[in-house]
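Hi everyone, thanks for coming. Please bring up the structure on your screens, and I'll walk you through a few places in it.

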Amino acid sequence: MAPLLKVNNLVKRFGGIVAVNDVSFEIHKGETLGFIGPNGAGKSTVVNCLTGALLPTSGTVEMNGVDITHMKPYQRAHMGLARTYQIPRPFPELTALTSVLASSIAGKKRYNQSFQDAMYDATHYLEFVGLFSKRNILARDLTFYELRMLELARALATTPQLLFIDEVMAGLNPGEAKNAIKMIRKAKEEFGVTVFWIEHVMAVLMESADRIVAINYGAKLAEGTPDEVVNNDDVIEAYLGRGWREYA
Amino acid sequence: MVELELKRDRIVIRLGTRKWEWILEPRYWRNTLIWAAILVIFPAVSYFVSPGLINTMISANIYAAIAIPLALMTIGTGRMNFGPNFFIGVGGYTAALLSIAYGWGPLATLPFAILMSIVCALIFSPLVIVARGLYYVLLTLLLPLVFLEVTFIYTDTFKGDTGLFGIVPLINTGNAKINFLLLGYLSTAIMFAYLWIINKVLKSRYGLLMAAINDDEEVAHGIGININKIKIIAFISASTMIGIIGWFYAHYFSSFAGITYLPLTFMLKILLVLMIGGRAQVFGCVVGGYFVAFLEMILIRTMGPIQPLLFPIILLILLFILPEGLFGLYRKRRYREYMPTIHVRR
């Protein structure tokens, strides 16, 4: 089966800094792919290159066999790519419902979709993440956890095939984080999306991910099942530093 | 015994066992009809009381009719255009030059004024993609000023120093007072048409997409909005609507001089209408237009020579104490809408 998303030799340079160096991997339909790496490893840059916020210096990105390397973000969104942001970026002047409504209208093309149809859709997604009671509150007045959930609803409302989740745990307390993880798993089951999950916290991905890709200094360190990756010496070294064996 | 009770969104009137409710929302259809009826009756009343008021009313309608498309442009492009009067110059000069050269009437010059506005808007529309924030403000600010210079440099054509005279008047019935009355109604009709069209657009799905662009362009792009298309369409359509106002000015006064409309003073008045009305709220633009026009008229009549100083000071104080504008006073209590406000970005 052809992979849903195929990344070939992705390179991104910012002037002299090589942020992403020759990264290749595949995402298959229906799986949860974890993406880990220490701070500044280039995780978010990879996601930005894949969703179109940045153009890669070289390398190609293919989705369902179509080359999307030079497509604009909105074209990629119409093809079924959606993302959440590490620091939530809501539409501050829109209410929770209208934020989701906007992405329901703008997302993947649904012909003959009326304003009302989009509104029903948006209501459904908002209810799914548990924000229905907050539907008329301006996004800037929501709490951090609610913003995270609003981002998830907004991403799901574009009816994506592939959902990029950028550090869902950051800034949440343990109870909220648990809910957030549950919500993403539920979304995967109900809407059949493939999840590309960037995370700092290894424990989360150990439970949820089918495969993990680890990168450091922009280059791929390891790829495989969670157990293989956490036991990989390079990965441990990247997280704990050289000479970790002396203290082990 | 009549009992009145003020609730959050309505006034409840009780008389014995009977009860009436009056919705306060200014855009509730009954209230809208009342506002519209007042505006329609106003010229007819002032025709008999004080015909000079019709003149002020025309100015107010035209300020509003410039500010309303500007609100659409601000929301749709997510940027603050500081040179909407450039398109007044384009529309006005097109109409004036054609009318003087060929003796055409207003109906003949209108299509050309529209066409020229569209062409100019198309030429400058890449600005909304390449420039943001302060750079966009500076570039749009320069457009009318450069145009003003052009009218002085090519003074043979544009008559930059004296202005163009002898344009065919918009309405000529032979009676000056009736002309004024009809012009009053025409300006009201233009203002209402703009208000109706743009309110419809902003309430539709395109309005919602524009609101998203206005809030965060990158995220809007990411959720699948073709931001460049929407920004350019908003820019061109709003510019064309402003160009039509230039056409109106040229035929209304039978003369057109760039020095009246292209300098900063005129532009500031329009921006203040936009801000005092309620930060790019289309209904607020009407309130703002009438407020600014009548304030100006009252100051000219009562204050005399210090008026040019006092007028901007009053408006700036109002801007300071009413950051959400006059319409914002009401809107503050009702957030259940997605009409966006302006953000000037870096």
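Let's begin in helix α13 of chain B, where B:Phe266, B:Met267, B:Lys269, B:Ile270, B:Leu271, B:Leu272, B:Val273, B:Leu274, B:Ile276, B:Gly277 and B:Gly278 are buried. Buried here means under 20% relative accessible area, with exposed being over 50% and partly exposed in between, using a 1.4 Å probe and protein chains only. That makes 11 of the 15 residues of α13(B), so the helix is mostly covered.

Before going on, a word on where this comes from: it is a predicted model, in which local features need pLDDT of at least 70 and side-chain atom pairs count only at pLDDT 80 or more, while totals for chains, interfaces and linings use all residues. Residues are numbered from 1 along each chain as its sequence is written, chains are lettered from A and ligands numbered from 1 in the order in which they are written, and side-chain values use heavy atoms, leaving out hydrogens and water.

Back to α13(B), which covers residues 264-278 and reaches 21 Å from first C-alpha to last, close to the 21 Å expected at 1.5 Å a residue. That expected span is 1.5 Å times one less than the number of residues. Helices (H or I, at least four residues) and strands (E, at least two) are DSSP runs, numbered from the N terminus. Just after α13(B), B:Arg279 takes a positive phi of about 40°.

Now over to chain A, to helix α5, residues 144-156. Its span is 18 Å, close to the 18 Å expected for its 13 residues. Is α5(A) enclosed or open? Of its 13 residues, 12 are buried, so α5(A) is largely enclosed by the rest of the structure. What do those buried residues pack against? In chain A they meet β6, α3, α4, β7 and α6, and in chain B they meet α10 (217-222); contact means heavy atoms within 4.5 Å.One of the buried residues of α5(A) is A:Arg154, and its charged end sits over the ring of A:Phe91, 4.9 Å from the centre. For this, NZ of Lys or CZ of Arg must be within 6 Å of the ring centre and within 35 degrees of the ring normal. A:Arg89 likewise lies over the face of A:Tyr85, at 5.1 Å from the ring centre.

On to ring pairs: there are 27 aromatic pairs over all chains. Rings of Phe, Tyr and Trp (its six-membered ring) pair if their centres lie within 6.5 Å; planes under 30 degrees apart are stacked, over 60 edge-to-face, and the rest tilted. A:Tyr125 and A:Phe191 form a tilted pair, 5.3 Å centre to centre with 45° between the planes. A:Tyr125 lies in α4(A) and A:Phe191 in α6(A), so this pair ties together parts 66 residues apart in sequence.

Last stop, the strands. In chain A, β1 and β2 pair in the antiparallel sense over seven bridges; two strands pair if DSSP finds at least two bridges between them. The hairpin of β1(A) and β2(A) has two residues between the strands, and A:Gly15 takes a positive phi near 60° there. In chain B, three strands form an open antiparallel sheet in the order β1-β2-β3.
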